[in-house]
Amino acid sequence: MMMYVCQLKHLLPLLPILSPPPMAISTSISTSGCRQPHKFKLTFSSKCNLLPIFSLPCSNSRFLFANNSSYSSPIVAEESTHDHHLPVIELDLEIPDLTPKSENLNDFLCRLFRDPRSEELAFDYYQKVKGRPEFRPDKKTLEHIIRHLIRSKKWGSSFSVFEDFKSFDVQPDGDICCRLISSCIRARKFKITEGLLEVFGQNDDVSLLVFNSAMGGYNKLHMFSSTVAVYDRMKSAGAVPNSESYCRIMEAYIKIKDYEKVVTLFQEFESKKIDSSPFLARIYRILCESLGKMGRAFEALEFFRGMTKKGIMEEDTSVYTCLICSFASIREVKEAEELFREAEGKKILRDPEVFLKLVLMYVEEGLMERSLEIVKAMENAKIRVSDCIFCAIVNGFSKKRGLRAAAKVYEELISRGCEPGQVTYASVINIYCRMEFYSKAEMVFSEMERKGFNKCVVAYSSMVVMYGKTSRLREAMRLVAKMKERGCDPNVWIYNSLMDMHGRVKNLRQVEKIWKEMKRKKVLPDRVSYTSVISAYSRAGEYETCLRFYEEFRMNGGVMDRAVAGIMVGIFSRSGRVDELVKLLQDMKTEGTRLDERLYRSAMNALRDAGLQVQARWLQESFYKTM
């Protein structure tokens, strides 16, 4: 094999991208003005033809090993020891300056940038030659540089390129600028984005495009306050907003729920009569949604009908969804149903929120049978009845028609193939427990566990309360232990039920343990908690402990009710604490709490036995007529 070895300058950086045909000399680079001779080492082999070295810029001293064209690529390395085994002929030759002319440097760089293997080298070479006074990058060169920055994610190099934009007073096309802006935002390089906007914003040809691109990018990241800042910056820079600008800023304001600002921007947009065909439908959709959120559904409907007549937004799903939800929220049944039938006929309703809003409207209006028609419409549209809709219907029937009607509609929907979720299961278990259908409640709870819904505190609460009512203390404790194993912490209802159950059997040790656990878990006791624990200690005759919990209850702002009052009247009467009893009765009078006949007789007897006739007459005047 023959190798052609050359000692040259600035050869290594450009070698990988210059490989001319065999037996040919590249003429893409000018040869002029080199005055210093350079030494060649030629190494010959008997089986290869000579491959002439191709023209390259000369700079630092390096060694080049140029293979025959049949080899994959030239080899570049420092001179190695094995080269001394080859025959070497030293020639003194004058090599001309191989640096391209300044007017050809842009073409040269563009060719390098086109090849992915050499674009990194091209960028490095651009960094070296940009300092030459005769070099001026043109538009295509800058576009290649931007594409390279985006592909290689060299965001740190962007600042130096920005300065080049300013110094050379050359700017690429708007599309390339927009790509760079959006890429920086996607990469979360917000400081670089600000620098780009500063550079591009001074160019009237691209400023509006890059500002719009920045607003769109920030909206995709849900950085709506940044979108507003870019819009204000755009106006300060003197750029006149177009339809895309208004669309982007209106999108931002509706997301931050500033609906008034959306309407103001639309009025400004409409007054300017901007050509807005690509964004007009979206702008009106945002307007209709904002008006709907503001409770101005009829105005939104008027805009929608007007645009429909013009052939805009005829089958816009989001507008129908917004309008139906708006009318359903203000319980305008006629308009909501009319829009629903329109959308149903066009088969464009796919959002479960629409169906949920209609169901809630029918529940509030007491039109329960129509809520079942919504289920039928969902079945026809092959949309799954969600757990929220299922639960809303069941709870609606419970509220408007009673527990039996709710249980019946639940079983009917199950027979129609609707699948309950965790929320529906919890509601139905509560309904069955209140109806005292305990076996059905346990059956539904077991089914719920089999389907993997084993962390629902509400369902556990209903089951624990049920076990308390049926005096099944052991099952209740076992269920609480199971829920703790599953990582589900008891709530105040469960703790109240457990304290009530243990209090009924006078197991004060367990009552105290549960109370301390409740405090340790930072579960705030409510009025029922204090009622349960006071009642437990009252049954055991520990009146001092009852009084301590009662004082704590009052100090924590507890409001008197008949349950607490009844227990404390009995405690004060039986323990002969007449002064505390009078104070309690005065508090009850002030807070409007009524006594039942049993407690009234108990308090009256305690006052008379203590000889407090005046207080007895006051009790009679204050409470007897209100019983």
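Predicted model: local features only at pLDDT ≥ 70, side-chain atom pairs only at ≥ 80, totals over all residues.

Biologist: How much space is in the largest pocket?
Modeller: About 510 Å³, taken as the space filled by probe spheres set on grid points joined across faces, edges and corners. A pocket here is an open set of points on a 1 Å grid over the protein atoms alone, where a 1.4 Å probe fits, with protein on both sides within 12 Å along at least five of seven lines.

Biologist: Which residues are closest to its centre?
Modeller: I254, K255, E289, K293 and C322, out of 23 lining residues, where lining means an atom within 4 Å of a point.

Biologist: And what's the lining like by class?
Modeller: There are 7 nonpolar, 6 polar and 10 charged residues. Ala, Val, Leu, Ile, Met, Phe, Trp, Tyr, Cys and Pro count as nonpolar, Asp, Glu, Lys and Arg as charged, and the others, Gly among them, as polar.

Biologist: New topic: which residues of α19 meet α21?
Modeller: A426, I429, N430 and C433 of α19 meet V458, A459, S462, M463 and M466 of α21, with contact meaning heavy atoms within 4.5 Å. By class, that contact has 7 nonpolar, 2 polar and no charged residues.

How values were computed. Residues numbered from 1 in each chain as written. Heavy atoms only, no water. Helix = DSSP H or I, 4+ residues; strand = E, 2+ residues; numbered from the N terminus.
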